[in-house]
Amino acid sequence: MMQNSNLKNSLNMSMNMKRRSFLQAASASGFLLGSGMTASAFAAAGTADPWRQAQDIINRFAKPIQFRKEDFVITSFGAETCQVVPAVAWVSFVEKANLSTPAKGSKDCYPAIAEAIAACYKAGGGRVVIPAGNWYCAGPIVLLSNVNVHLQAGAHVYFSNNPADYAKYGTFNCGKNGNLSMTRWEGNDCLNFSSMVYAFGQNNIALTGEDWTAILDGQAGVDFPDNPYCWWSWKGREKPNTSGDIAAGNGGDYVKHVKGETEVSLNPLNPMALSEVAPHLSAQEASFIQGEGDKWRRDSNYLRALAEARVPADKRVFGMGHFLRPHMVQFISCTNVLFQGYQVTNTPFWQHNPVNCRNVHVKNIYANSIGPNSDGFDPESCDHVLIEDSTFDTGDDCIAVDSGKGPDIQYGPSQNIVIQNCKMHSGHGAMTFGSIMSGGIQNVFAQNLVFENSHWKTDPLNIAIRLKANMSRGGFLRNLHIRNITVPNGIRTTPAFYATLPGSVIPSKSVATSAGGIITIDCGYDPINDNVRTRPPVVSDIHISNVKVANVATKDGKFSCYQAIVILGPVASDYNGPTKPAPHIVPVTNITITDCDLGTPANAANPLYLYNVKGLTLKNVRIGDTVHNKTLSA
């Protein structure tokens, strides 16, 4: 029954993707996807009392999710604790440490956990309890409606680090690729390895723990069972990248990989020509999506190409033989969701990614994984989200608000989100919007945050407040309000750059959009990785106040950052669509920064960088020894 329900929901997802043309047309005509409001009406609402809007969202979560009062303890269904043994494993892209891992031959608790969840669901709901102790789980924990999976203090779930275990139990039988699950990978839908904790189309669900000794461990840096590589090897980078990696350049030791077995390697299983899987395309359109050479056949690029080619989601098959790492926790199309009181660590990919979920409450979690792409929490096309009282120590963005990539915008925007009373340590961006934002982002409020950056000497936070968009992702960001941010240890004080396209009006590696800016709005994000660049982003109505950034002592002096403010508006020369001239490309508009002390930038000669900006208003903004009260355009 559960499988049939999930299959139906998955197929509905595929059918919904056919609505893209309607949604895109609605967006173009000025209607906000998923809100029922015109853009002008929404803007008017946003100017009334934004923080009252935020309080209304917070109040929505005052009444906690309720579950039936019955416990289903996994030991009653045959689960047994395991012995753990020492293991030297990667804990970041550049560092190994002594960890523990289940001893060979440990009993697999997947069947017991699945049976406990099924029994709980059949009884009308309740709590599935994982007691204190070490547990080995060789498969995904799949939540069902009205079930709270709860970890007691001291419960440590070690998920299998064998990829095949996440291609066994999915709804979709994909032959040699495995039994796969409907997932979303970097904003595009596909059939792939299940996330380690997964739900699809469920209502009233929770993942909770008693405290941060309740741990979900992805074991992403532990060697695979049959070779000396690991989940993070699939990233496929030869060495740390100075354009933004944490701890870039440290030591010379870094996660190794097998040539040809990564997400950025040409995969011979992918077709020689896009027309083989998308015969409906004209030769011209297929050539445009593929671009020059064979780079489009790399798994990460191949998924983008399938989406651009409008191949249905259930025909985008990855899994075994492919190298798209699974998420730690991914819930899709769920309502009334609670994440509370536990720790995740060593995750293969993003730590949390709710997609198209409604009423999502995140409280007192510890997102603790600093491997490649270990985003802490990425709400994607979600409506009404409260993230509070949580700590993030990540190998990528701490929190990133997303809404789909390219044509996959059927779920509409991310909207009505509050982030408050959280602490961020390492990461690419502490509070990030995009780059996966093709469906738009609106009505977001962030307040009372500490960007602690406690590892500033070795693994500095790259950017405090960050927007990423480009001519491929498009979308919009509007009605964003951020206040009361403390950055006691500054951010990275050296710059990092992205390469620009040949012929760009922006010289390559000339703008520090990848690291070094406290407030960075980057509408030309990493364009060389996108063949289709036909969707100009629109950014407006961003209001930031009371940001306090301290200086730290470096070998060159006391600084808070490299540059205080970096705004790179949409770059018209990046557009490569068939329409000539290019569609109207609007500047970043109506940005206010008020009552801030941004410390002393290392780049004292150029503390601000502005391009294609209209109406950046600074009110009582201290940068170094200068207080700015002015409106700028560039």
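Trainee: What makes Arg325 and Glu263 a salt bridge?
Mentor: Keep in mind that this is a predicted model. The closest N and O atoms of Arg325 and Glu263 are 3.1 Å apart, and the cut-off for a salt bridge is 4 Å, so the pair qualifies. Arg325 lies in the loop between α7 and β15, Glu263 in the loop between β14 and α6, and 62 residues separate them. Both Arg325 and Glu263 are buried.

Trainee: What makes Asp397 and Arg466 a salt bridge?
Mentor: Their closest N and O atoms are 3.9 Å apart, which is within 4 Å, so the label holds. This pair also links distant parts of the chain: Asp397 sits in the loop between β21 and β22, Arg466 in strand β27, 69 residues apart. Asp397 and Arg466 are both buried.

Trainee: Where do Lys555 and Asp556 stand, buried or exposed?
Mentor: Both Lys555 and Asp556 are exposed, and their side chains meet in a salt bridge with 3.3 Å from N to O. In total, the structure holds 19 salt bridges. Some share partners: Arg184, Asp189 and Glu380 are joined into one network that way.

Trainee: How do you know that Cys398 is in no disulfide?
Mentor: The nearest cysteine sulfur, that of Cys422, is 9.9 Å away. The number of disulfides comes to zero.

Trainee: Why is Cys398 called buried?
Mentor: Its relative accessibility is 0%, and buried means under 20%, so Cys398 passes. Cys422, with a relative accessible area of 3%, is buried because that value is also under 20%.

Trainee: How do you know that the buried residues of α6 line one face of the helix?
Mentor: The buried residues of α6 (residues 283-290) are Ala286, Ile289 and Gln290. Seen down the helix axis, they fall within an arc of 95°, so they line one face. These buried residues pack against α7 (299-308). After α6 comes Gly291, with a positive phi near 75°.

Trainee: What makes β6 and β15 edge strands?
Mentor: The open sheet has three strands in the order β6-β12-β15, with parallel pairing. β6 (141-142) and β15 (329-332) each pair on one side only.

Trainee: How do you know that β12 and β15 pair?
Mentor: Four bridges join β12 (residues 197-200) to β15; at least two are required, so the strands pair.

Notes: Residues numbered from 1 in each chain as written. Predicted model: local features only at pLDDT ≥ 70, side-chain atom pairs only at ≥ 80, totals over all residues. Heavy atoms only, no water. Disulfide = S-S within 2.5 Å. Buried < 20%, exposed > 50% of the residue type's maximum accessible area, 1.4 Å probe, protein only. Arc of directions from axis to C-beta. Contact = heavy atoms within 4.5 Å.
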